[in-house]
Amino acid sequence: EAYQLYETTLWNRYPLLMVRNQVFLIHRSPLKSMIRNFLYDYLKKNSIPFRTEIGERMEKYVELGIKETNTKYLTEKQLQAEFTLQKVCDYLIEDDVLVECKAIELSPIAGIKRTKEILQNEFDTSATKAYTQLLSVAHNMKSKIQFGIVITYKETLLGYGEDSFKEFMQEPIFAFLELHKIDLSVLPPDRLVYITLEDWDRLIRLKIYTGQKMAEILNKGFQYFRDNEVVLFEQVLDKLCQGIKLPSLTYLEQARPIFA
């Protein structure tokens, strides 16, 4: 039980209780979670086009962040054209950071019972596939890839690649490497991290604020992880952003009136 997470879908959907004609809030956390993911959950349930378009929309959203920093980058199409890759990721940033977007989320069973078999099945075509895409691109790069980022829409609690690799990815990744004659050293799991779309926005704001390269900020985060101070990248951002006022993002400010 100490290792289990608890399924929260019910309370995310219904964070309020009616008792004797009085409305009670169960807890602020499920209400906050419901509000944060309401549009996504509603559209995924009610719109077939949305289910097929969400991945592409995520990629375009992430690109807005890259453009906001005036950073040099290559898109998936540019990478494919330049290196003729069988597997390709979404972006190469500043020649040393690879980014892949996945509109994935954790199913209830994988959240509650995190066995290797369940997680391998859960993430075979998403989190694990994302890592194979990053490895494939890193293998073909002329310059050394410092870090790989996989961005998910919702929190999947995968955290750093080193933990995920030990937990469920080792077997399928080694099979992929052997099949395609790729060395794990091109992007080892201790240089891989899974973050959410919200984390990405804060990372972009932090990059603008500090003026640092993406790899410099990520390196600090990986050091925190090696020192056993964090398990998720969200905690890294909490540390690095403490006491500073991050700049706003143009694309979010432009969208704000739509929801006003």
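Colleague: Is Glu94 buried or exposed?

Modeller: Glu94 has a relative accessible area of 14%, so it counts as buried (under 20% relative accessible area; exposed is over 50%, partly exposed in between, with a 1.4 Å probe and protein chains only). This is a predicted model: local features need pLDDT of at least 70, side-chain atom pairs count only at pLDDT 80 or more, and totals for chains, interfaces and linings use all residues. Residues are numbered from 1 along each chain as its sequence is written, and side-chain values use heavy atoms, with hydrogens and water left out.

Colleague: Where is Glu94 found?

Modeller: In the loop between strand 4 (91–93) and strand 5 (97–102). Helices (H or I, at least four residues) and strands (E, at least two) are DSSP runs, numbered from the N terminus. Phi of Glu94 is positive, near 55°.

Colleague: Why flag that?

Modeller: Because most residues other than glycine have a negative phi.

Colleague: And what is the phi of Asn21?

Modeller: Positive too, about 65°. Asn21 is in the loop between strand 1 (16–19) and strand 2 (22–25). At 74% relative accessibility, Asn21 is exposed.

Colleague: How do strand 1 and strand 2 pair?

Modeller: Antiparallel, over four bridges. Pairing requires at least two DSSP bridges between two strands. Leu16 stands opposite Leu25 in strand 2. The hairpin has two residues between the strands, and Arg20 takes a positive phi near 50° there.

Colleague: Switching to helices. At what angle do helix 2 and helix 3 pack?

Modeller: About 125°, with the axes 5 Å apart. Axes are lines fitted to C-alpha atoms, for helices over the stretch in contact, and angles run from 0 to 180 degrees between N-to-C directions.

Colleague: Which residues make the contact?

Modeller: Tyr40, Leu43, Lys44, Lys45 and Asn46 of helix 2, with Ile48, Phe50, Arg51 and Ile54 of helix 3. Contact means heavy atoms within 4.5 Å.

Colleague: How many bridges join strand 6 to strand 7?

Modeller: Five, and these strands run parallel. Thr152 stands opposite Thr196 in strand 7.
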